[in-house]
Structures are given as C-alpha cells and as structure tokens.
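Please open the structure in your viewer and keep a selection tool at hand. The stops below each name something to select and then say what is there.

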Amino acid sequence: MEPLRITFDMITPVALPLKKQPYPMHLDSLVIGILTGIKKEIFENIHKDKYAPGQNPDIPLAVSGEKSPIYCASVAMTSKDIQRGQYGITKKPPTDEEMRMYRPQENATYKQAGEGSGIHRAWMEEVQTVFPHQIIFECQGDKQALWDILTNVRRVGVFRRVGMGEVINMHIESIDNPQAGLVYNNQPARMLPVVDWPEGEQKQWHKIAAGVRAPYWHPANKEICWAPPIDTTIPNITVVDL
C-alpha cells in the first residue's frame, strides 16, 4: 500500500442528484460499486457486509481506525474553477415494443407508441450540473489493483445513461502524503469518525452526522464525523484548492 492520487479527466458535465446528499462521493464506494457490478452482487445485510473495511482482501485500499474503521480513500475533489449549469432531458412514454415487454395487459397506464396528452405525455426534467475538467481522489492502496478496477469507470454522477459525467482518461500517481485519503491541507479529505479523530475538536473541523462507510445511503452507517469543509462542498464533489 502506498499514498496515491487518482485523476479522472472529464469530457462532459457531471449531473448532481435531484436530492442533495449530506456527503460527497467517496473513492471506496466507487471501488466497491464496480466490484459488486462485476460480480453481479447486491447489498443484502448491513451486519454481514463483506466489503466493510478490513473484511475483504479484494478491496485494494488501506484501513484506518480502531473503534470505527474506514478506508483511506478521499471524497471526489476538483479545483474551484468549474462551470455550473443545468441539463434538461425529455422522458417519453414507453414505445410499442416496450409496452409488449413490460405491460402486456390491455388497460396500460401509458398510451402505447407515442406521445399524447395528460398522463400519456412526455415530460421534461432538469438537473444541476458542474463541469470540472478533472476529478481527483487521494488514497492509500495498491496502485496496480486500483488501476485494474478503476479502468472500468466510464461515467460518474447521475444521468449517465444520456452521457453525463463521461471520463475520457485516468491517471494514477504516487504522492508524498502519509495521510492520503484521510487529511488534505489540514482538513478532512473524507468523513472521519469522531471516535477515532478526537483532534478534530482542537482543529475546529466541521462536525456532522453522515455515512462513514459504503453504502453511504444506509442509515446504519451514519455516525458523528468530521466532514470536508462545508463552505466548499457541493453534492458529490468537494471543491478544494489543488
């Protein structure tokens, strides 16, 4: 395991979730998401989570903490020089073929084959977007193993099905930061459990209740933790000076 910096070069804007998350995207959740996708696995039980820190040798990331272990993997970071905007997509009713596949009954909710009015019409949906030229993670891990896993990343964020958040290139390099994935510029680089990081009180880090391990959406993974600087945080990406 060594300190690493992982850089994704982006070619399209990243769409943000419709509901604001209380935490940005972490590298460990990205790695676990890819592995579960490759192995065709689903999340079943929080008490039997084989991807929990220290439980699975397939996760090429170092583990930190005794009372509340976490992976040494940062949140997504980018520079403050990013473009913001909105993206609209038109959602259309199911086609004739889709209706036969998924709703073969006669009294279908949608009008078959085409747009209409009322409940049969197409509708518009808008999402907030940011366009970072690069998305950066820091971590402590196995360089080659992470490369083999992360080369499967094609897009990040939401609305990936329409080409948002497309990654055009990836770089992994060694760095000189013994706390890579945990602390960046004397601030938390990820959600850090308060029970293992009491020094955060003296350093006046920002304290919130949020997920500290993947799956970050699960209520059982929430605890009091130190968060990356709140004034530079937007959903899914933490904006920092690099």
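A polar contact, as the term is used on this tour, is a pair of N or O atoms within 3.5 Å, and within protein one of them must be able to donate a hydrogen and the other to accept it. Please also keep in mind throughout that this is a predicted model.

**The whole chain**

Begin with the protein chain in a cartoon view, where three helices and 16 strands can be picked out. Of its 242 residues, 47% are buried, and carbon and sulfur atoms account for 48% of an accessible surface that comes to about 13300 Å². If you consider the contacts between residues at least 6 apart in sequence, 74% of them join residues at least 24 apart.

Select Tyr216 next, which you will find in the loop between S13 and S14. Is Tyr216 buried or exposed? With a relative accessible area of 4%, Tyr216 is buried, because a residue counts as buried when that value is under 20%. Now show side chains, and look for the polar contact of 3.1 Å between the side chains of Tyr216 and Arg190.

**Strand S1 and its two partners**

Move on to S1, a strand that is mostly covered, with seven of its nine residues buried. Which strands does S1 pair with? On the one hand, eight bridges join S1 to S8 in an antiparallel arrangement, and Thr7 stands opposite Ile136 in S8. On the other hand, seven bridges join S1 to strand S9 (residues 167-174), again antiparallel, and here Ile6 stands opposite Ile172 in S9.

**Helix H1**

Select helix H1 (residues 27-38), whose 12 residues should span 16 Å at 1.5 Å a residue; the end C-alpha atoms are 17 Å apart, which agrees. Colour the buried residues of H1, among them Leu27, Val31, Ile34 and Leu35. What covers the buried residues of H1? The cover includes strand S1 (2-10), strand S4 (70-71), strand S8 (134-141) and helix H3 (143-150). Just after H1, stop at Lys40, which takes a positive phi of about 60°.

**Ser64**

For the last stop, select Ser64 in strand S3 (residues 63-64). Ser64 has a relative accessible area of 17% and is therefore buried. If you leave aside the neighbours within four places in sequence, the residues in contact with Ser64 are Pro69, Ile70, Cys72, Leu182 and Trp197, so that displaying these side chains together with Ser64 will show what lies within 4.5 Å of it, counted between heavy atoms.

Notes: Residues numbered from 1 in each chain as written. Predicted model: local features only at pLDDT ≥ 70, side-chain atom pairs only at ≥ 80, totals over all residues. Heavy atoms only, no water. Helix = DSSP H or I, 4+ residues; strand = E, 2+ residues; numbered from the N terminus. Buried < 20%, exposed > 50% of the residue type's maximum accessible area, 1.4 Å probe, protein only. Expected span 1.5 Å × (residues − 1). Areas by Shrake-Rupley, 256 points an atom, 1.4 Å probe, with all protein chains shown as cover. Pairing = 2+ DSSP bridges.
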